[in-house]
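The stops below each start with something to select.

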Amino acid sequence: MKKPAIPEFFGRTRDELRELLASDLFDAESYRSDQVYEWLYARRAREFSEMTSLPRPLQSKLAARYTIPTLGIRHVSESRDGTKKFLFTLEDGRSIETVLIPSEMRTERSRQRKTLCVSTQVGCPLDCKFCATASLKLKRNLTTAEILLQIFEVERTTRETITNLVFMGMGEPMLNYENVVRALRIITDPRTEMLGKRRVTVSTSGLPDEIRAFAREGLNVKLALSLHATTDTLRTRLMPINKKYPLPTVLAAIEDYYKITKQPVTYEYILFEGLNDTPSDAARLAKIARRVPSRVNVIPFHPIDFTHPTGVSRELRPASEANFRDFLSMLRNAGVSVFIRSSSGKDIEAACGQLALAELPPTAGTQKPIELTFSAE
Ligand code: SAH
């Protein structure tokens with residue numbers, strides 16, 4: 001893993017900021033550095049002059065050297081179900097998408113859950129056959145700042161408070177390891193008053209070395225594995241990365257993640273008609289799910305026709321409603337804790353796997369939704 005440089009200023013963790021401010025340039029004590037840290041990430045100052053608890057000379061010294069970055073919002077599409085997709089422009093002119101999904105909380109009826117789905121890369125190199133982001137290929141990794149700013153900008157413009165965060169947007173988080181970990185340190189630090197670690201999920205296609213390293217970071221956030229197939233033959237067809245890291249290798253790493261963090265893991269499983277929806281698939285999936293405490297999220301396949309797929313991608317179809325229900329009961333009967341992951345935002349191509357930077361909002365209602373009662377995650 002090639003380590004990206006520590007951010008110059010914005011995006012530094014508490015320790016990294018202390019180190020910077022203790023340098024001869026600023027010669028500031030650690031409590032000052034903590035004040036800057038809180039101004040940046042808890043109070044979200046956008047100008048150094050807002051940092052009124054700092055001495056003026058320190059404000060000016062900081063302002064002379066650094067700027068507090070922002071992300072430009074180029075477009076917001078809103079779905080009939082309330083999901084919002086943000087198209088952000090980055091400093092170098094590239095774009096990313098971030099999705100805000102409102103849903104009812106299962107426990108507290110009065111409160112709405114607001115889940116933000118953030119991107120970690122511009123595009124993605126992994127070429128999963130069912131995912132629209134694959135059509136972009138990898139352009140570059142996001143910086144720590146660009147990961148954090150997705151949350152800041154969405155909260156600022158919508159005046160909503162994000163209650164849950166999922167790293168399931170564009171890109172493979174484990175391929176941008178350092179920046180994802182740094183962002184998570186800031187996000188889960190109680191001083192930034194952002195989100196508790198149990199409200200954060202990182203989804204990965206399964207890179208064993210990174211999964212084990214991630215377990216040892218002490219972040220203890222939730223981990224989800226994009227599984228989608230229970231045999232190496234099919235998984236390799238759907239996810240080329242499986243050739244390099246076949247199922248036994250990936251599942252052993254997931255087992256270690258559980259052993260080290262004691263956090264139950266999530267398996268994500270898109271159900272494709274006639275491919276991975278048979279009773280034998282359900283039986284193998286149940287066996288995998290029993291290895292360590294886990295839950296399985298079964299996901300309806302969201303068509304990606306708008307990317308003009310070729311090859312295997314063209315053949316993929318969502319499982320029929322009947323097969324979907326049967327598959328869920330087979331899993332439930334096998335004692336698996338199973339949930340349906342909602343398809344929020346499908347009409348604006350904001351659902352899982354549909355992020356591909358369409359320039360214009362597509363016409364709503366072009367895709368027929370599967371009629372299922374979705375239990376929120
Ligand atoms: N690279 C990471 C995170 C991005 S994908 C990963 O592989 O997990 C986020 C989730 O969306 C994954 O579970 C992924 O498998 C799912 N997904 C991708 N394309 C999809 C599609 N067309 N329909 C439904 N879910 C999809």
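Select helix α3, residues 56-65, where L58, Q59 and L62 are buried. Here buried means under 20% relative accessible area, exposed over 50%, and partly exposed in between, with a 1.4 Å probe and protein chains only. Looking down the axis of α3, the buried residues fall within an arc of 105°, so they line one face of the helix. The arc is taken over the directions from the helix axis to the C-beta atoms. Turn to the face directed away from that buried side and the exposed residues R56, P57 and A64 come up. Helices (H or I, at least four residues) and strands (E, at least two) are DSSP runs, numbered from the N terminus.

A note on the model before going on. This is a predicted model, in which local features need pLDDT of at least 70 and side-chain atom pairs count only at pLDDT 80 or more, while totals for chains, interfaces and linings use all residues. Residues are numbered from 1 along each chain as its sequence is written, and side-chain values use heavy atoms, with hydrogens and water left out.

Next, colour by domain: the assignment gives domain 1 (14-65) and domain 2 (72-348), with bounds that come from an automatic or database domain assignment. The C-alpha centres of the two domains lie 35 Å apart. Across the boundary, 10 residues of domain 1 are in contact with 12 residues of domain 2, contact meaning heavy atoms within 4.5 Å.

Now select helix α6, residues 208-215. Which of its residues are buried? They are P208, E210, I211, F214 and A215. Seen down the axis of α6, these buried residues fall within an arc of 165°, so they line one face of the helix.

On a 1 Å grid over the protein atoms alone, a cavity is a set of points where a 1.4 Å probe fits but cannot get out; a pocket is an open set with protein on both sides within 12 Å along at least five of seven lines; lining residues have an atom within 4 Å of a point. Points are joined across faces, edges and corners, and a volume is the space filled by probe spheres set on the points. By this rule there are 2 cavities of 30 Å³ or more.

The largest cavity holds about 470 Å³ of space. Select F130, C131, M168, S226 and G353, which lie nearest its centre among the 32 lining residues. The strands β8 (200-204), β10 (265-271) and β11 (294-300) each supply at least two residues of this lining. By type, the lining of the largest cavity divides into 17 nonpolar, 11 polar and 4 charged residues. Ala, Val, Leu, Ile, Met, Phe, Trp, Tyr, Cys and Pro count as nonpolar, Asp, Glu, Lys and Arg as charged, and the others, Gly among them, as polar.

For an open site, go to the second largest pocket, with about 560 Å³ of space. It is lined by 25 residues, and F10, P69, E91, T143 and A145 are the closest to its centre. The elements β6 (140-141) and α4 (144-158) give two or more residues to this lining. Of the elements, α4 gives the most, with 4 residues. The lining of the second largest pocket divides into 12 nonpolar, 7 polar and 6 charged residues.

D281 lies in helix α10 (residues 279-289) and is buried, with a relative accessible area of 5%. Leaving out residues up to four places away in sequence, D281 touches T230, Y269, L275, N276 and F327. D232 lies in helix α7 (residues 232-238) and is partly exposed, at 30% relative accessible area. Beyond its neighbours within four places in sequence, D232 is in contact with N242, P246, L247 and P248.

Finish with two backbone checks. R159, in the loop between α4 and β7 (164-167), has a phi near 55°, a positive value in a residue other than glycine. R159 is exposed, with a relative accessible area of 77%. H308, in the loop between β11 and α11 (312-315), also has a positive phi of about 55° although it is not a glycine. H308 is exposed, with a relative accessible area of 66%.
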